[in-house]
Amino acid sequence: MKVFHFSLKKIYELRTQEEKKMKRAYGEIQKLVNQKEQKIQQMTQEKVAMSDSNQGSIEQMQVHYRYLARLDQQIMDEHQQLLGIKQQLADSLEKYMVAQKERKIIEKLHEKKHQEYVSEMKKEEQKQLDEFRIRQSLL
């Protein structure tokens, strides 16, 4: 009985590695998105906390308002960066899905070839059993 051998095994392994690589890249970018969102949230909370305290001299109030304006600008800059990172995340997800699809194609081909092999082996076994029975009946 011959052993099943899938001729595209190396390609399957390559596709599996590529899928894992894309999955890791997606996870890393997702982590960046989470960090950026957390930073924006912290800055927004700081702005809210600073907005409540506007006491002191006029000079202190001017410094305070300039600080709040700068904080607003930083928050807007962070939002812009977040949009860019989210676009990278979408691109990465698309690449991951393509890699997953390519792996699944090879995997389905493997399953099909294995089923053909099993079917062929069953036919061969049945043929041998039939031959054995014929020989037994002739004796």
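This is a predicted model: local features need pLDDT of at least 70, side-chain atom pairs count only at pLDDT 80 or more; totals for chains, interfaces and linings use all residues.

Biologist: Okay, so which residues of α1 are buried?

Modeller: To count as buried, a residue needs under 20% relative accessible area. We already know what these residues pack against, namely α2. The buried ones in α1 are Thr16, Glu19, Met22, Ile29, Val33, Lys36, Ile40 and Met43.

Biologist: How far does helix α1 reach from its first C-alpha to its last?

Modeller: Helix α1 runs over residues 9-52, which gives it 44 residues. At 1.5 Å a residue you'd expect 64 Å. The model comes close to that, with a reach of 65 Å.

Biologist: Now for charges. How many salt bridges does the structure hold?

Modeller: Side chains of opposite charge can pair when their charged atoms come close. One such case is a network of salt bridges that links Glu19, Arg103 and Glu107. For the whole structure, the number of salt bridges is eight.

Biologist: Which residue forms a salt bridge with Glu37?

Modeller: Look for a nitrogen partner within 4 Å of the carboxyl oxygen. Here the closest N and O atoms are 3.4 Å apart, and the partner is Lys86. Glu37 sits in helix α1 and Lys86 in helix α2, so their pairing ties together parts 49 residues apart in sequence. Glu37 is partly exposed at 35%, and the name you asked for is Lys86.

Biologist: What is the N to O distance between Lys47 and Asp72?

Modeller: Their side chains meet in a salt bridge. Lys47 belongs to helix α1 and Asp72 to helix α2, so this pair ties together parts 25 residues apart in sequence. Lys47 is partly exposed at 27%, and Asp72 is partly exposed at 30%. The N to O distance is 2.7 Å.

Biologist: What about Arg133 and Asp130: how many helical turns separate them?

Modeller: These two side chains meet in a salt bridge, at 3.8 Å from N to O. Both are in helix α2, three residues apart. That puts their separation at about one helical turn.

How values were computed: Residues are numbered from 1 along each chain as its sequence is written. Side-chain values use heavy atoms; hydrogens and water are left out. Helices (H or I, at least four residues) and strands (E, at least two) are DSSP runs, numbered from the N terminus. The expected span of a helix is 1.5 Å times one less than its number of residues. Buried means under 20% relative accessible area, exposed over 50%, partly exposed in between (1.4 Å probe, protein chains only). Contact means heavy atoms within 4.5 Å.
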